[in-house]
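Subject: Structure handover and notes

Dear colleague,

I am passing on the structure we spoke about, together with some notes on its local features. Please look through the structure first, and then read the notes beside it.

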Amino acid sequence: MAQAPFALLLGGTAEASALARQLRTIRPDIRLLLSLAGRTKAPTLPEGVETRIGGFGGADGLARFIREHGVTCLLDATHPYAVGMSRNAAEAARLAGIPRATFLRPPWEQTDGDLWQEVACLRTARDALPLGARPFLALGSQHIAPFRHRPDLRPVLRQVDAPAEPLPFAATLVTGKPSEDVVEEAALLREHGVTHLVCRNSGGARGYAKIAAARKLQLPVILIRRPPEPDGPILRSLDAALSWLISPS
Ligand SMILES: NC(=O)c1ccc[n+]([C@@H]2O[C@H](COP(=O)([O-])OP(=O)(O)OC[C@H]3O[C@@H](n4cnc5c(N)ncnc54)[C@H](OP(=O)(O)O)[C@@H]3O)[C@@H](O)[C@H]2O)c1
C-alpha cells in the first residue's frame, strides 16, 4: 500500500509559514509538519498548522526523524543564509531516500540611488567599515562576533529578542522585529546617527524597508552576499513550492 503523503517543511521564514497555511487550506488531506529551530522566543505560528520546535541532531538525526515518522517529502524553506540546516536537509533526504527541494526567495536587486557595497562574509563586512563608523548591524546574535575586533566602531545592533548573554562589544541595542514601514526605518536610522547599514541579502518584502530607508537617507549599505545555493531543485516562488508539496519529485 502506498504511504500516506507527509511533508516536512523546514521553516523559520515568513514564506514557510505562508506555504503551510496555503497547503492546509487547499490540500487538508496532505499531512504537513512545520519545523522551526526555536531561535525566537515567541515565534508567530500559523494557525491550524502542526508544528514542532528544535533541532533534529544533525543530518543523521533528521534522517532518523524522517524514517520514524514516515515523512514522504522534505521542503527546505529555511532562510537563504541557513546553510547548515540546508546541508543537513540534503544529506538526510539522501539517507532516508525521500524527495527534497529548496524554496529560495529572490534576492534584493540594486536600484537607482542605492549605495551598495557587496562583500563575501561578515569579516569583510566588518573590514569595509571606515574608522569610527556607526553601523546599523541588522544581524542575528550568532553573527555579530567578528565586529568585536573593531573597537573604533560605535554599532547599533537590532535583534528580535533581548540577548540572553552580554554583548561581545559595546553597542546600542534596539530590540524588536524590523518595521515594514520605510519612514519608520528611516526615522530609526536617523535617530541613532547611523552612518552605514550592514545586512544580508535576505530578499523578501519584510526586511526590505531598511534597504529603502538607507536609499532615502543616502546611507552606504554593506551587503553580505548570499552563500552558494544548495544542489537539487530550487523553487523560487510560493506557487512553485506549493505545487512541489502537492506533487514532490
Ligand atoms: N540565518 C539567518 O540570517 C536567519 C534569518 C531569519 C531566520 N532564520 C531561521 O532561523 C533558523 C536558524 O538559522 P541559522 O542560520 O542558525 O541556521 P543554521 O546555522 O543553518 O542551522 C543551525 C542548526 O539549527 C537547527 N535548525 C535550523 N533550522 C531549523 C528548522 N527549521 N527546524 C529545526 N531545526 C533547525 C539545526 O539543528 P540540528 O542540527 O540539531 O538539527 C541546524 O543544524 C532557520 O530555521 C532559519 O530559517 C535564519
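This is a predicted model: local features need pLDDT of at least 70, side-chain atom pairs count only at pLDDT 80 or more; totals for chains, interfaces and linings use all residues.

**Helix α5**

Helix α5 spans residues 182-191, and its buried residues are E185, A186, L188 and L189. Viewed down the axis of α5, these buried residues fall within an arc of 160°, so they line one face of the helix. An α-helix has 3.6 residues a turn, so residues three or four places apart point the same way. On the other side of α5, the exposed residues are V183, R190 and E191. The cover over the buried residues of α5 includes the strands β7 (135-137), β8 (156-159) and β9 (172-175), together with helix α6 (208-217). At the start of α5, the backbone nitrogen of V183 has a side-chain oxygen of D181 within 2.8 Å, while after the helix comes G193, whose phi is positive, near 60°.

**S202 and Y81**

Which residues does S202 touch, once residues up to four places away in sequence are left out? They are H79, P80, Y81, R105, W108 and R226. S202 sits in the loop between β10 (196-200) and α6, and it counts as buried because its relative accessibility is 12%, against a cut-off of under 20%. With H79 there is also a polar contact, side chain to side chain, at 3.1 Å.

Y81 belongs to the loop between β4 (73-76) and α3, and with a relative accessible area of 11% it is likewise buried. Although Y81 and S202 are 121 residues apart along the chain, their C-alpha atoms are separated by 7.6 Å. With residues up to four places away in sequence again not counted, Y81 touches R200, N201, S202, I224, R225, R226 and P227. Two backbone atoms lie beside polar atoms of the Y81 side chain: the backbone oxygen of R225 is 3.4 Å from such an atom, and the backbone nitrogen of R226 is 3.3 Å from one.

**Cavity and pocket**

One cavity of 30 Å³ or more is counted, and the largest cavity has a volume of about 30 Å³. Its lining is formed by T13, E15, A77, T78, H79, P80, F103, L104 and R105, which by class gives four nonpolar, three polar and two charged residues. H79, P80 and R105, which line this cavity, are also among the residues that S202 touches.

The second largest pocket holds about 250 Å³ of space. Of the 19 residues that line this pocket, V83, S86, P228, E229 and P230 are the closest to its centre. The elements giving two or more residues to its lining are α3 (83-96) and β5 (100-103), and α3 gives the most, with four residues. The lining of the second largest pocket divides into 10 nonpolar, four polar and five charged residues.

Q218 lies in the loop between α6 and β11 (221-224), and its relative accessible area of 44% makes it partly exposed.

With best regards

Notes
Residues are numbered from 1 along each chain as its sequence is written. Side-chain values use heavy atoms; hydrogens and water are left out. Buried means under 20% relative accessible area, exposed over 50%, partly exposed in between (1.4 Å probe, protein chains only). The arc is that of the directions from the helix axis to the C-beta atoms. Contact means heavy atoms within 4.5 Å. A polar contact is a pair of N or O atoms within 3.5 Å; within protein, one must be able to donate a hydrogen and the other to accept it, and residues adjacent in sequence count only if both atoms are side-chain atoms. On a 1 Å grid over the protein atoms alone, a cavity is a set of points where a 1.4 Å probe fits but cannot get out, and a pocket is an open set with protein on both sides within 12 Å along at least five of seven lines; lining residues have an atom within 4 Å of a point. Grid points are joined across faces, edges and corners, and a volume is the space filled by probe spheres set on the points. Ala, Val, Leu, Ile, Met, Phe, Trp, Tyr, Cys and Pro count as nonpolar, Asp, Glu, Lys and Arg as charged, and the others, Gly among them, as polar.
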